[in-house]
Amino acid sequence: MAEPQTHAPMRSPLGRAIGLGSAKEGVAHWWRQRVSALALVPLTVWFVIAVIGLVGADHAAFVAWVRSPMTTVFIVLLLIATFYHTALGLQVVIEDYVHGEVMRFSALLLMRLLCILFALRGILAVLTMALRA
Amino acid sequence: MSPAQRPLSPHLQVYRWQLTSVMSILHRATGIALSLGTILLVWWLGAASDGPEPYAAVQRFLGSWLGLVLLFGWSLALFYHLCNGIRHLWWDTGHGLELNGVYAGGWAVLAVTAALTIVTWVIGISHWTH
């Protein structure tokens, strides 16, 4: 969410208002959703191909796969982009269907908390496997 | 202010089903389903980092009927959201927005989604049984 730009006293009132619209954040949400979507296209294709190759892999083979440096980097990127995109998408769903200030605020807060928790759990799991001696 | 007092637009039921609206609804529905699917992904990674026994338990679950049904739904939703998402990104560049293009893109997305899902499972099952 972009802050209202009260910290830019040199800008004219019109300059401050242009593009921000009624939600006071302009196209920031829309743009972030597109950029994360674009990042997820190659990451998803890579992940699907990798998972097909992992069918039937035992634990040792799976860990060996995670530990290869490119895999580690790509899974962490995938987790970040996925949960960022998920949070942006679920935000719109909540804003559309959850009515009432308190309920909506609580739902948004809980959703973001869960996204952060699951993202951190996933990243920690990957890094634990990658960095374990 | 009570929201119930305001005039409401016609309910969705009065509209005839059409490809465009169904695919729009499906994009949101698959997005929500994939949000839940991320839990499966993190569970899988977490189990692998916890050790061979937790990992084997997850593999057993994913190989069960329920696990396979979830995985199939997950792959279908993923391919649909991916393909239709690319259609949305294409629209965002200002292309394909005339009625013919919207319908052609819609059918293409459904065809590619089906093809990718089938190919993925054919290759996956042939790996599994070898």
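Visitor: Which residues of H5(A) are buried?

Guide: Burial is read from neighbour counts, with 20 or more other C-beta atoms within 10 Å as the cut-off. In H5(A) the buried residues are Cys115(A), Phe118(A), Ala119(A), Gly122(A), Ala125(A), Val126(A) and Met129(A).

Visitor: What do the buried residues of H5(A) pack against?

Guide: Their partners are helix H3 (59-67) and helix H4 (69-97) of chain A, together with H1 of chain B.

Visitor: What is the pattern of chain A along the sequence?

Guide: Chain A reads α-α-α-α-α, with five helices and zero strands.

Visitor: What radius of gyration does chain A have, against that of a compact globule of 133 residues?

Guide: The globule would have a value near 14 Å, whereas chain A has 20 Å. Along the principal axes, the C-alpha atoms of chain A fill a box of roughly 60 × 35 × 25 Å. Buried residues make up 15% of the 133 residues in chain A. Of the contacts in chain A with a separation of 6 or more, 67% join residues 24 or more positions apart.

Visitor: How many residues of chain B are in contact with chain A?

Guide: The size of an interface is often given as the accessible area lost when the parts come together. Here the description is by residue contacts: 27 residues of chain B meet 27 residues of chain A. On the chain B side, the elements giving two or more residues are H1 (19-50), H2 (52-63), H3 (65-92) and H4 (99-128) of chain B. H1(B) gives the largest share, twelve residues. By class, that side of chain B has 16 nonpolar, nine polar and two charged residues.

Visitor: Why does Met23(B) count as partly exposed?

Guide: Met23(B), in helix H1 of chain B, has 19 C-beta neighbours inside 10 Å, and therefore counts as partly exposed. Leaving out residues up to four places away in sequence, Met23(B) touches Asn84(B) and Gly106(B). Met23(B) and Asn84(B) are 61 residues apart along the chain, yet their C-alpha atoms are separated by 8.2 Å.

Visitor: What confidence values go with chain B and with the model?

Guide: Where pLDDT is low, the predicted coordinates should not be read in detail. Chain B has a mean pLDDT of 93, and 96% of its residues reach 70 or more. The model scores ipTM 0.89 and pTM 0.87.

Note on methods. Residues numbered from 1 in each chain as written. Chains lettered and ligands numbered in written order. Predicted model: local features only at pLDDT ≥ 70, side-chain atom pairs only at ≥ 80, totals over all residues. Contact = placed C-beta atoms within 7 Å. Helix = DSSP H or I, 4+ residues; strand = E, 2+ residues; numbered from the N terminus. Nonpolar A, V, L, I, M, F, W, Y, C, P; charged D, E, K, R; others polar. Buried ≥ 20, exposed ≤ 12 C-beta atoms within 10 Å, placed from the backbone. pLDDT = per-residue confidence, 0-100. Rg over C-alpha atoms; globule rule 2.2 N^0.38 Å.
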